[in-house]
Amino acid sequence: MRLWKDYVHRPTRELWHDEEFGNVHRYCCGNPFEGRALLDGVIRALSPRGARELRTIIEELDAFMGPPDPAVDRRR
């Protein structure tokens, strides 16, 4: 959770730098996108109430990344 939270709160210019030049810290500290995928698995493993609570927190963090991509939006 912390890895994704730290990633989405980074300034946009740092995110662009990572996309263009890579991020060497991912090798030691973890890939935030893999962490986000792991959170999806955790949601599926939790009870319905726990999953709902975690999904609420994650959706707030995901909102920092901009509007959802309609191609992968599971709510439709």
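What span should the 14 residues of α4 have at 1.5 Å a residue, and how far apart are its end C-alpha atoms? The legends below take up this helix and other parts of the predicted model.

Residues are numbered from 1 along each chain as its sequence is written, and side-chain values use heavy atoms, with hydrogens and water left out. In this predicted model, local features need pLDDT of at least 70 and side-chain atom pairs count only at pLDDT 80 or more, while totals for chains, interfaces and linings use all residues.

**View A. The span of helix α4.** Helices are DSSP runs (H or I, at least four residues), numbered from the N terminus. The expected span is 1.5 Å times one less than the number of residues. For α4 this should be 20 Å, and its end C-alpha atoms are 20 Å apart, which agrees.

View B. Pro-32, Arg-36, Leu-39, Asp-40 and Ile-43 are the buried residues of α4 (buried means under 20% relative accessible area, exposed over 50%, with a 1.4 Å probe and protein chains only). These residues lie on the same side of α4, because they cover an arc of only 105° around the axis (the arc of directions from the helix axis to the C-beta atoms). Exposed on the other side of α4 are Glu-34, Leu-38, Arg-44 and Ala-45.

**View C. Surroundings of Val-8.** Beyond its neighbours within four places in sequence, Val-8 is in contact (heavy atoms within 4.5 Å) with Leu-61, Phe-64 and Met-65.

**View D. Thr-12 in helix α2.** Thr-12 belongs to α2, residues 12–21, and counts as exposed because its relative accessibility is 52%.

Notes:
Helix = DSSP H or I, 4+ residues; strand = E, 2+ residues; numbered from the N terminus.
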